[in-house]
Amino acid sequence: MAERKIRIMVAKPGLDGHDRGARVLARCFRDAGFEVIYTGCHQSPEQIAAAAIQEDVDLVGLSCLSGAHRTLFPRVVELLKEQGAGDIAVIGGGIIPDQDFPLLYDAGIMAIFTPGATLDSIVDWVRTNVKPRR
Amino acid sequence: MAEESEEMDKLRKIREGDVRTASRLIRNLEDDLPEAKSAIKRIFALTGRAHVIGITGSPGAGKSTLVDALISSFRKKEKTVGVLAVDPTSPFTGGAILGDRIRMQRHAEDPGVFVRSLATRGALGGLSKAVGDAVHVLDVMGKEIIMVETVGTGQQEVEIINHSHTVVVVLVPGMGDEIQAIKAGIMEIADIFVINKADRDGATQLYSELTAMLNMVPEFTGGWRPPIIRIGNVFDSGPFGESMEELAAAIAEHYRRLVEKDLLGDRIRRKTLVEINEALRDAILEPILKDLTESGEMDRIAGRLLRKESDPYTIAEEVARRCLK
Ligand code: B12
Ligand SMILES: Nc1nc2c(ncn2[C@@H]2O[C@H](COP(=O)(O)OP(=O)(O)OP(=O)(O)O)[C@@H](O)[C@H]2O)c(=O)[nH]1
Ligand SMILES: [Mg+2]
């Protein structure tokens, strides 16, 4: 039996075009041995949730540097729950002011990483918190 | 017993088109879980309704973009569509970036479309080992059209022929000595050629070289001469939008021809032979290898070979005599 692979979707919700971070992250996850689905920019929360379910990922990572995270991130969690996929973990990163953390955590975002977060710390978080589901 | 009914429930959901359940089964197939195999046993009899289209060609040729445009075209005809898009696994880390989906995301919310990315996980033929069974899953979900996009291929990766009814080979001009490269293998498997990015220099030359090459083929199976379709830019809706429809029509025509000339059976047979081959390998070879490794016998064999006390053929015959009674 082969090993159970962790599958992660990296997605950029909204109109934000800052995709460097998302690309860096996709490569870093690949190098950590994960399978990464990258959706590209300009995704609606609906598209992200639908794709996450079709791809059967364990984790969705949302990247947003434009300031629209307050509405977009919670919406993705909500849509996954509505579609019976609340077990898919959602984390986020980008330009996110400290004062927004509580709102996002309350909405079900499990972790937030801002500029300066090391790639190692992100991979460590994934390895500790994400177990491929049966 | 409870397990039994749980499994039946899952299979019912898949037949009703439930994305979550189907996607999870594909995941289990990729991870080679025994329960996934038993699901295939149960659905195998229901398979064989979809038209399976393989899309192959060199890296960056525009395969995913083409699949995206074909999805739109099939959806206009109200066909349901499943897509399996394969990208390479890094041999160094075992990870993969599956990027084909980027081109198809506009269809993400369409319930008539199911796109699933697969990593090769070490398979060499341009596909993933799970692809054959994943096609079965989409088929049982009721997808009428299934498109399988291979990794960017060279000359050797022709596995797609074993898994599809219609093979579309995507070429682009200006990538060096094109024809030389494709003659070797990819050439023989094409049912339809697409010259993509035909607005570029070299497209006319590629077209005439390809035509010349086809002219040299003495006889085509079933009388089907692979058409060459030139697509300038799939993002244009103008004249090249028409060539997308030409491609869709050629695909449909090829399928009709397969059915008419009773050739579909040959294609399906090809897949079943590959399937039984793999299944036998799993059922016979794998357990023997596992046994030899775990009992330490493999080390002893390696030692004998190193000391030239025996040779691989003799040892294989010994093992076969012992294990295959
Ligand atoms: C490079 C850059 C650009 C480039 C983008 C290139 C590209 N393709 O990505 C260009 C020049 C195009 C650009 C344009 C703009 N930019 Co700009 N840009 C930046 C800059 C300088 C660096 C961003 C970057 O690439 N960082 C490197 C990557 C690796 O880091 P990162 O994305 O932050 O990711 C790290 C973490 O945040 C975290 N992370 C991020 N996402 C995720 C996701 C997950 C799941 C996880 C786990 C972690 C994680 O992990 C990473 C590693 O630590 C920032 C300033 C800054 N210091 O952040 C401004 C910045 C983001 N830009 C800004 C602005 C305003 C703009 C423009 C609107 C400017 C304008 N008026 O035209 C445009 C809009 C572009 C658009 N279409 O959206 C503002 C945003 C302000 C805000 N949110 O309130 C910033 C903050 C500058 C500022 N201080 O004002 N920009
Ligand atoms: N000019 C032009 N560019 C195209 C066309 N189709 C695709 N492209 C571009 O070619 C690049 C590769 O396209 P993809 O569709 O990802 O190619 P692919 O064959 O799927 O690539 P891999 O899966 O990585 O092998 C992208 O930048 C596309 O925008 C076309 O018809 N004309
Ligand atoms: Mg592709």
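**Exercises on the contact between chains A and B**

Between chain B and chain A there are eight salt bridges, a salt bridge being a side-chain nitrogen of Lys or Arg within 4 Å of a carboxyl oxygen of Asp or Glu. The model is predicted, so that local features need pLDDT of at least 70 and side-chain atom pairs count only at pLDDT 80 or more, while totals for chains, interfaces and linings use all residues. Residues are numbered from 1 along each chain as its sequence is written, and side-chain values use heavy atoms, with hydrogens and water left out.

**Exercise 1.** Find which residue of chain B forms a salt bridge with A:Glu35.

*Solution.* Start at A:Glu35 and look for its partner, which is B:Arg121. The closest N and O atoms of this pair are 2.6 Å apart.

**Exercise 2.** State how many residues each chain gives to the contact, and how much area is buried.

*Solution.* First, with contact taken as heavy atoms within 4.5 Å, chain B gives 32 residues and chain A gives 37 residues. Next, the buried area is about 3000 Å², and carbon and sulfur atoms give 45% of that area; buried area is the accessible area (1.4 Å probe) that two parts lose on being put together, summed over both. Finally, B:Arg20, B:Arg27 and B:Ile97 supply 23% of the area that chain B buries against chain A, more than any other three residues.

**Exercise 3.** Determine which residue in β3(B) stands opposite A:Ile37.

*Solution.* Strands here are DSSP E runs of at least two residues, numbered from the N terminus. Strand β2 (residues 35–38) of chain A runs parallel to β3(B), and three bridges join them. Within β3(B), B:Leu98 stands opposite A:Ile37.

Methods. Chains lettered and ligands numbered in written order. Pairing = 2+ DSSP bridges. Helix = DSSP H or I, 4+ residues; strand = E, 2+ residues; numbered from the N terminus.
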